[in-house]
Amino acid sequence: MSTLLEVRGLSTVYHTSEGPVRAVDGVDLTVGRGEILGVVGESGSGKTTLVMSLMRLVKPPGRILKGSEMLLDGEDLFRLPRSAMPARRGRDLALIPQSAMHALNPVIPVDRQVAEAITAHGEARSKAALRTARDRLREVGISPERCHAYPHELSGGMRQRCVIAMAVANEPKLVIADEPVSGLDVVVQARILRLISELRESRGLSMILVSHDLTTVAKICDRIMVMYAGRIVEAGETRTVFEKPLHPYTRALVEAIPQVRGPRQTLRAIPGGPPDLNHLPPGCNFQPRCPAAFADCKVVDPSLEEAEPGKKVACLLYHEDERKLEA
Amino acid sequence: MAQYALVLLVALSLNFAIPRLAPGTPIDYLVPSEQVATITPEQRERVLAQFGLEKPLLEQYWLYLAGIVQGDLGYSTQQGRPVVDMLLERLPWTLVLVGGAIALSLVIGAGAGFLSAARRGGQTEVGGLVFFMFLDSMPPFWIGMLLLVLFSGYLQILPVFGALPLTGAGGGFGLTFEVAQRLLLPLLTLTLVRAGWLFLVARSSLAGELSEDYIVMAEAKGLSRRRVVGHGVRNALLPLVTAVAVEAGTVVGGATVVETVFSYPGLGRLIYESVLSRDYPVLQGAFLLLAVGVIAANLLADLLYPVIDPRVRAEGAR
Amino acid sequence: MSGTLLGRIGAATLILFVVAAVFAPVLAPYDPTLRTAQPFAAPSFAHLLGANDVGQDILSELIFASRLSLTVGIVTACLATVLGATVGVVSGYLRGPVDGVLMRGVDVILSLPFLPLMIVLAAFLGQNTTNLILVIGLLIWARPARLIRSQVLSVRESGHVQAARAMGATHGYVMIRHILPRITPLVAAQFVRTANVSIMLEASLAFLGLSDPFQKSWGAILFYANARSAFLADAWLWWVLPPGLCIAAVVVSFAFLGYALEERVDSRLRSILPASEPQKDNEAPTPVGGGTLR
């Protein structure tokens, strides 16, 4: 599988009244062609900022730091002039945004909104674009007679389908989905996830799927990265992350998933909340909430290192050398 | 709908009640002011009988309403003409002025407001805000007077009009030209005044829309900045229409003072003249007509909403 | 430019005008009711802004007029704010049929053309300052009432108001001790805005010749200037420009102050709400504006 996207050292800073805050802090990631990468984290972990950074849609007071790289097919999109981005968005990179419920303009029929995405990228004739738009909508399961509907006339699941149709309308190289199923009921969630898998099969979609819900990600992703306080703390194949989580945070996330089968277990919640990015703790960011923390954790800030083949983790438990180094 | 009927009824009732509750007797308001002191008892009786003022109050009210339905608003105490005729003579002038000012100020004020919101944060943005806040804070009649100074006093482009009759010299074109000349400055004044206010409304309305989620999606689709803003504008129009309708009364108020400054022959000027000459029936008639106009504007806005916003359309159908 | 800065500029300007009004007899070079110069005299060292058609010193007139303009503005605003806050609090707190009737009334008042109605009322009631204040005040309370009501609706759902009610506090007690303090910033902002509107309306009515003939406000000075066609001669420079500038300065100062206050109210509201995602543009669509409603 060849590499489609390679992101190196992506940092995004918000300038607040209390000083700059790194919402995304030195993130590296790669997405192969036809691969779905999952990014998991609590709210406030910087997921949405990561997504907006990848789309280059970060608004002031936010800013992507210099030195961040985003190579799509070998071309660094962060080096392009700002004016070149609209032509790339929707064609090279497409977004399925958070709160897809509100992602549709309430006063325009949905087929026109999809058609607009098509005309923005070359199709000059609006009639042809509208026809293509209706085909796309049919593909995601919107019946032809519902195509002219206004967003408020559609259910949440159907609106989500429209947003997906809009995102894939121009056959983008990479789709970035931010919480694509949040706010939908469970049955609809499953259907939308199935739709995404189908689109991946039929079109070879490459995708980054961001969610707070580990189970959502596990269902369709090939690899998973876990994000905490703007950093990646664990990365690996879905199966290994799920079955053998290394980082105490990942372990806590996995244990927090209710199990229907198997022996009865008490659900364990993670104590505390995500850290205040203005006042990060010393040493490891997770250390104040970590059940396995020891003295060094308050001193050493662990980096993301390979712990096993194909598995990276940022935790001193697995970094013999770093510990010794400090000692 | 019921709301507008209620407003109309209140306006009518106010008109009925005010002269009866005001100090003095209704007679004081029905005869030319200079005769009030010298009127004889017999004449007084005759006036009372003529206007049915000796009848019980409820019957008077009924007669008053019935009269209005038939287009009877009484007679001018100064000119002795039916008030309705005098109003209808002035109405077109005010309609043109108010309608023109609303349309122009929408284009200028809302246009600038949208522009400011689209590029907020820039230096022009703050300058625009302060400029339009100032514009919104100046008395309309004062702006009018200054424009008169500029155009008629210094540049001498436009003559100062009294309430001169139209000559119509030069046929249809000449008439149009005269009307346009007279209209120009009042229209400019009222437009400027309203543009300041509309700027502020449009700006905050679009700024609100631009922080909505569908804007992010529009950007993510790869639309140009112009078209992204267009999405916001489409949605920002609804509050704007509401604002224009709600403030229709204010425009009419502004027109009243502006017409006075320019001796523009509209209803506002008529109100001013009848205040000076204490011609109460005309004053009341003009108020009533303006109230009806404002109600009509609100009604029009109600009919416009569904065209602009499909969500309102759905509610209406339900 | 921050709202705070605008607010400070506004407050400073207003203080300047209040000082001028209070110390008018000391500051004014002449008695503005006496003939102290040639009619239509041009500015000179003796009469910095010249004289009007009967030879009264215009600068002195201006300084004394600030008393009437500011008094009408502030007294009317007090009247309208008290009325509006009372109706707003009662309506929003009691809800139900009381709310229905009161808000219907508010809607009716808001749909009437203010200025023409005020003209009719002022013409019938007779021209004196008390009538002017009553006429303006009794018509402009409706807008603050509606805004205050909607805030009360949300405040009454908050924890400590519910708790007070559960403990059996009387309606009056809850409204005064628990609701009122929470809406004070909004009421203050509304007071400023109403003062703004009142001054503009007083100026308009005075300009139409409906003010007390024995007390001149800035609007009344402009009425005489207009009646004597001052704008056709050079006299506009000292007779028309200054009173209008005074009105505009006071109104815009109130607008700045209101803008700053509303920004404060807004950030207070925001601090109550849960912290939003950092990338959300937190610029709330604050409606700003000066002398609407004229």
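Mentor: Two strands are said to pair if DSSP finds at least two bridges between them, and helices (H or I, at least four residues) and strands (E, at least two) are DSSP runs numbered from the N terminus. This is a predicted model, in which local features need pLDDT of at least 70, side-chain atom pairs count only at pLDDT 80 or more, and totals for chains, interfaces and linings use all residues. Residues are numbered from 1 along each chain as its sequence is written, while chains are lettered from A and ligands numbered from 1 in the order in which they are written.

Trainee: What is the order of the open sheet of eight strands in chain A?

Mentor: The pairing in this open sheet of chain A is mixed. Its edge strands, each pairing on one side only, are E7 (93-96) and E12. Read across chain A, the order is E7-E8-E9-E3-E10-E11-E13-E12.

Trainee: Which residue is the bridge partner of A:Ile176 in E9(A)?

Mentor: Strand E8 (residues 174-178) and strand E9 (residues 206-211) of chain A run parallel and are joined by five bridges. Within E9(A), the partner of A:Ile176 is A:Ile208.

Trainee: Which residue in E13(A) stands opposite A:Glu308?

Mentor: Strands E12 (residues 305-308) and E13 (residues 311-313) of chain A pair in the antiparallel sense over three bridges. E12(A) and E13(A) form a hairpin with two residues between them, and A:Gly310 in the turn has a positive phi of about 75 degrees. Opposite A:Glu308 stands A:Lys311.

Trainee: Where are the bounds of domain 1 and domain 2 in chain B?

Mentor: Such bounds come from an automatic or database domain assignment. In chain B, they are 2-69 for domain 1 and 91-312 for domain 2.
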